[in-house]
Amino acid sequence: MSLSHLAALLTPDARCVLAFSGGLDSTVLLHQLVCWQRQHPQFQLRALHVHHGLSPNADSWAAHCQHLCQQWQVPCEVLRVQVDGHEQGIEAAARDARYQALFQHLQPGEYLLTAQHLDDQCETLLLALKRGSGPAGLAAMPSQRIVGENTHLRPLLTFSRQQLESWATEHQLRWIEDESNADCRYDRNFLRQQVLPLLHARWPHFSAAVARSAALCGEQEQLLDELLAEQLAQLTDELGRLNFTPLLSMQEARRHALLRRWIAQQGGIMPSRDALLRITREVMQSREDAQPCLHFGAFELRRYRQHLYWLAPQPSLSQHSLTWHNLSQPLRLPEPLGELQASHDSPRLRYPTDDEQVSVRFKAQGYFHLIERAGGREVKKLWQELGVPPWQRERIPLIYYNQTLICAPGFFITREGAASNEQGWTAVWLQQQ
């Protein structure tokens, strides 16, 4: 092994962050990056060690990583995470927690490097086969991908574990052996310990052949991405909502391909074919007045009118109440709703009288008359006319004077809240981006 695989991915002045577990793979990659840095002094490198707390040896592993990085003059930070394996199993939960922590600690423009190798790629494809994945899942792990403002690189994907062991032996490297790697209750360990040795004994180049298959699946997916990008852009609005009506007249394969790519754009995990069928039957084809909701990990898929929404669960604020004591000061709303400010540029609200207290609530009931509208409306009808989805209605701040609803900033003003002369104010809702 030389360092040519790094030269193919990195510029001499790149800023890189290594996910450093202390195991063989990441130790070899760290050593190679340190060698690269000696050749390219402008290259910047630091390491992040994720402490899952799942092993009694976790503290000693973190200490080992910090000590080795100190020896090689690489800054190293330990990130502690909580892992809950009840919903998706320990393996998947630990992986998700690890990547979430790593990406949260990247600076814009930094590269994240992880040390998966050829045998890991083979295991990933076999696990995807076990799950019944399509081409996207069978594409396994790409050597590089864009995540937000950062690029994730896997420089060792073309090298076998045996080649990494040879590098470690040649350079007298020391690494951690995770005791859980011998536990065949975990699917990946079962493949690594019991299945792949048999396959390699019969077909020595099995992992390399599997990697070629994964690469071919990846090429097909990339081509589909390019062919469907324009149509998906036409169906998706600036809020990320998907207009699903045209999908209902498409062939199933095309509809599913578009749904997968839309979900990927929203940051969701790849849905199974059964999940895509449920989206069609239970969400897109549900009654017009229905409020369907499907759960995908930490997200929800909902429908309102002709659009699909991909949402993080949002707790209702219907029982929440805030007092706005001083209109000259902004009022901070519950996270992540932002704040309310009083503006005097366009006075549309009357000032409260001395015996009226200004409060903000998130629920209204009853029949209301709005300015510039004839007749009254029930609050449910108001939200429907304004096109506000049901799950958002109890997260919109409503301004009250005592028990009288005055306005919903940006949506409506009641007759009881209207300014009768040029004296007045306007409530401005500054939402978090």
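Strand β13 (residues 339-343) runs alongside β20, and the two pair in the antiparallel sense over five bridges. One of the contacts to look for is Ser343, whose bridge partner in β20 is Thr426. Two strands count as paired here if DSSP finds at least two bridges between them. Helices (H or I, at least four residues) and strands (E, at least two) are DSSP runs, numbered from the N terminus.

Before going on, keep in mind that this is a predicted model: local features need pLDDT of at least 70, side-chain atom pairs count only at pLDDT 80 or more, and totals for chains, interfaces and linings use all residues. Residues are numbered from 1 along each chain as its sequence is written, and side-chain values use heavy atoms, with hydrogens and water left out.

Now back to the sheet. Three strands make it up, in the order β12-β13-β20, and it is an open sheet with antiparallel pairing. Strands β12 (331-332) and β20 (426-430) stand at the edges with a single partner strand each, so one side of each has no neighbour in the sheet.

Next, the salt bridges. The rule is a side-chain nitrogen of Lys or Arg within 4 Å of a carboxyl oxygen of Asp or Glu, and by this rule there are 21 salt bridges. Here are three of them:

| Arg | Partner | Closest N to O |
|---|---|---|
| Arg80 | Asp59 | 3.9 Å |
| Arg373 | Glu385 | 2.5 Å |

Where do Arg80 and Asp59 sit in the chain? Arg80 is in strand β3 (residues 76-80) and Asp59 is in helix α3 (residues 58-71), so this pair links distant parts of the chain, 21 residues apart.

The Arg192 and Glu123 pair joins two helices: Arg192 belongs to α8 (residues 187-202) and Glu123 to α5 (residues 118-131), 69 residues apart. Arg373 lies in the loop between β15 (367-369) and β16 (376-378), while Glu385 is in helix α12 (residues 379-386), so this pair ties together parts that are 12 residues apart in sequence. There's also a network: salt bridges that share partners join Asp120, Glu123, Arg188 and Arg192.

How open are these residues to the outside? Buried means under 20% relative accessible area, exposed over 50%, and partly exposed in between (1.4 Å probe, protein chains only). Arg80 counts as exposed at 62%. Arg373 is partly exposed at 29%, and Glu385 is partly exposed at 44%.
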